Amino acid sequence: MSPVITSAHDVESLTKEVTCMKMLLACMLKSMGQVDAGKAILRMERQLSALEEGDDKALFSATLQQIKTAYLA
């Protein structure tokens, strides 16, 4: 496992992480047929900016940052 990608240890946080990953993967799959990976990441960032402030936005943001970091590694 990459040290860049981490997961929570409690069930509630892990459930939220899985939900975020499903959303991220859906965005990537929709984008891959049309654009390159850089544009797909921009699309995910737009999705992030549309979320209301709170725990879900913070978790989505952290997950997206980890994916971007892993992608650039």
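Asp 10 is partly exposed, with a relative accessible area of 40%, where buried denotes under 20%, exposed over 50% and partly exposed the range in between (1.4 Å probe, protein chains only). The structure is a predicted model, in which local features require pLDDT of at least 70, side-chain atom pairs count only at pLDDT 80 or more, and totals for chains, interfaces and linings use all residues. Residues are numbered from 1 along each chain as its sequence is written, and side-chain values use heavy atoms, with hydrogens and water left out.

Together with Glu 12, Asp 55 and Asp 56, Asp 10 forms a negative surface patch. Such patches comprise residues with over 30% relative accessible area and no salt bridge, like charges being joined within 9 Å and nonpolar side chains (Val, Leu, Ile, Met, Phe, Trp, Tyr) within 5 Å.

The secondary structure consists of 3 helices and 0 strands, assigned as DSSP runs (H or I, at least four residues, for helices; E, at least two, for strands) and numbered from the N terminus. The order along the sequence is accordingly written α-α-α. Of the 73 residues of the protein, 21% count as buried.

The largest nonpolar core contains 9 residues, namely Cys 20, Leu 24, Ile 41, Met 44, Leu 48, Leu 59, Phe 60, Leu 64 and Ile 67. At least two residues of this core are supplied by each of helix 1, helix 2 (37-50) and helix 3 (55-72), and helix 3 provides the largest share, 4 residues. A core of this kind is a set of buried Ala, Val, Leu, Ile, Met, Phe, Trp, Tyr and Cys residues joined through side-chain atoms within 4.5 Å. In soluble globular proteins, nonpolar side chains tend to be buried together.

The count of salt bridges comes to 2, each defined by a side-chain nitrogen of Lys or Arg within 4 Å of a carboxyl oxygen of Asp or Glu. One joins Glu 45 to Lys 68, with the closest N and O atoms 2.5 Å apart. Because Glu 45 lies in helix 2 and Lys 68 in helix 3, this pair ties together parts that are 23 residues apart in sequence. Both partners are partly exposed, Glu 45 at 27% relative accessibility and Lys 68 at 21%. Lys 57 forms a salt bridge with Glu 53, the closest N and O atoms being 3.1 Å apart. Here Lys 57 is buried, at 15% relative accessibility, whereas Glu 53 is exposed, at 68%.

How values were computed:
Areas by Shrake-Rupley, 256 points an atom, 1.4 Å probe, with all protein chains shown as cover. Lys, Arg positive; Asp, Glu negative; His and termini not counted. Charge placed at Lys NZ, Arg CZ, Asp CG, Glu CD.
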